[in-house]
Amino acid sequence: MRLTWWKILSIILLLYAVVGGLLLPVPELSQLGETIRNLYYHVCMWFSMMILFTISIIHSIKYLNTKNYIHDIKAKSYAGTGVFLGLLGYSTGAIWASYTWADPNNPAYASFGSIMREPKLIGAALALLVYGAYFILRNSIIDIDQRARVSAVYNIFAYAMLFPTIWIIPRLLPSLHPGKEGNPALNFNDIDARMRIVFYPAVIGWTLLGVWITHLKIRLQVLNEKKFSNEQ
Amino acid sequence: MLLETRQQHTLYGILLYIASTIFVVYLTIDLPDADTWNAIFWITQLFICINAVAKSFLQESRGRMLYYFTITSPVAFILSKLLYNLLLMVVMSSVNLIVYSAMMGNPTISFFSFCLIGILGGCGLGLIFTMLAAIASKAMQQASLMAILGFPLILPQLMMLVRLSKTAFGEIFNNGIPFQMTLLLVSFDILMIILAVILFPFLWKD
């Protein structure tokens, strides 16, 4: 196996994020307690999801410009990994919320209804639904060229419609979720300095891991296509 | 070009659709409170939009598309479609508003601003679904696909509209927020038109 520099970097950063994330000191807040360490994983998932979706869009645009089929495979694979990270982001968020938001006096399902109304959660659910629709659209078109073209158009259109609303709407509606004012986590005053030294490397590490997974998927698919065309 | 896209029988079909939808709602709940009234209004609006706008691409036959292909450019075609659907939705929204408030009572405090918001919302929905219908018309199972593609995209806008239309019920906002939201919705509409013009030529070649 060949390891290029960014794959090694990803491994080192993730090791650092896991070990450092669990051991390094964190600020003590009465509400969050030690659950604040989840920031290194939960928020990073969403960050890398958005970055991967953005890469997917770039490949869609490239496809429309060049009509090179490889870009279509790339766009699809990045979107797929993005959805996977989004699901992970959801599950880490759910674990976090069950310790901080859920009302211990009520059963879990009773809190669920009110938690789901969070604008950020709605936005995240929408993002996953949109990309689910993207894959269904892909599957419902048989012709390869047309599939690539139509799904690239939908990818760009959906991204352009969706992401501004995800960034804007939470600021218009009341929310429990942190990061309402300004850009969550990008603002330097938001996070304690002790957390920042783990948080930023963690974001980069998870994103690189996502890119790595996607690279493997792309190579697998390219090999499959080659095998398929050789057989014919 | 615009005149060609007009098809009389679908227009009456949609009018009847509005009337019967509202009648169903009317029979199932009598005189709802303001929040429910608002919610149901937007749901009927959404379904009318899907039915009205979906027709614009899904009913075109292959031959007719080929004919359009030979006589116009894609940009002119999508612009005329957008314009036509925009007008259609303005008409449909006003019809919906009138019938709806006639049958279900009228809890709004400022009916005029609610009308404006309703029509603005109708335009936005019409524009989004025009583009989505163009995309969905390329695939199989078009009608259901359109709902799948459209709902997640339309939800944020719908949320903003429902929120905004609460101004008409006398809910008090911070100064400037209703104006900001209106501006946001208008800019979304403009963004959609620009995107449609850029992206449609890629869908056009068959």
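Predicted model: local features only at pLDDT ≥ 70, side-chain atom pairs only at ≥ 80, totals over all residues.
Which elements of chain A have the lowest and the highest mean pLDDT? Helix 4 (residues 108-115) of chain A has the lowest mean pLDDT, at 57. Helix 2 (residues 39-66) of chain A has the highest, at 82. Over residues 180-189 of chain A, the pLDDT falls below 50. Beyond near neighbours in sequence, this stretch makes ten contacts in the model. Chain A as a whole averages a pLDDT of 73. In chain A, 65% of the residues score at least 70.

Chain A also touches chain B. The contact takes 24 residues from chain A and 22 residues from chain B. On the side of chain A, helix 5 (119-139) and helix 6 (144-172) each supply at least two residues. Helix 6 of chain A gives the largest share of this side, with 15 residues. By class, the side of chain A that touches chain B has 20 nonpolar residues, three polar residues and one charged residue.

Chain B contains eight helices and zero strands. From the N terminus on, its elements run α-α-α-α-α-α-α-α. Chain B has 206 residues, and buried residues make up 34% of them. Among contacts in chain B with a separation of 6 or more, 85% are between residues 24 or more positions apart.

Helix 5 of chain B covers residues 74-104 and has 31 residues. From its first C-alpha to its last, this helix reaches 43 Å. That is close to the 45 Å expected at 1.5 Å a residue. Several of its residues are buried, including Phe77(B), Ile78(B), Lys81(B), Leu82(B), Asn85(B), Leu88(B) and Met92(B). An α-helix has 3.6 residues a turn, so residues three or four places apart point the same way. Also buried in helix 5 of chain B are Tyr84(B), Met89(B), Ser93(B), Asn96(B) and Tyr100(B). Just after this helix, Gly105(B) takes a positive phi of about 80°.

Phe129(B) lies in helix 6 (residues 111-136) of chain B. Is this residue buried or exposed? Phe129(B) counts as buried because 28 other C-beta atoms lie within 10 Å, and the cut-off is 20 or more. Leaving aside residues up to four places away in sequence, Phe129(B) touches Cys49(B), Ile50(B), Val53(B), Ala54(B) and Gly150(B). Phe129(B) can also be placed relative to helix 5 of chain B. Leu82(B), one of the buried residues of that helix, is 47 residues from Phe129(B) in sequence. In space, the two are 9.5 Å apart, C-alpha to C-alpha.

Key: Residues numbered from 1 in each chain as written. Chains lettered and ligands numbered in written order. Helix = DSSP H or I, 4+ residues; strand = E, 2+ residues; numbered from the N terminus. Buried ≥ 20, exposed ≤ 12 C-beta atoms within 10 Å, placed from the backbone. Contact = placed C-beta atoms within 7 Å. Nonpolar A, V, L, I, M, F, W, Y, C, P; charged D, E, K, R; others polar. Expected span 1.5 Å × (residues − 1). pLDDT = per-residue confidence, 0-100.
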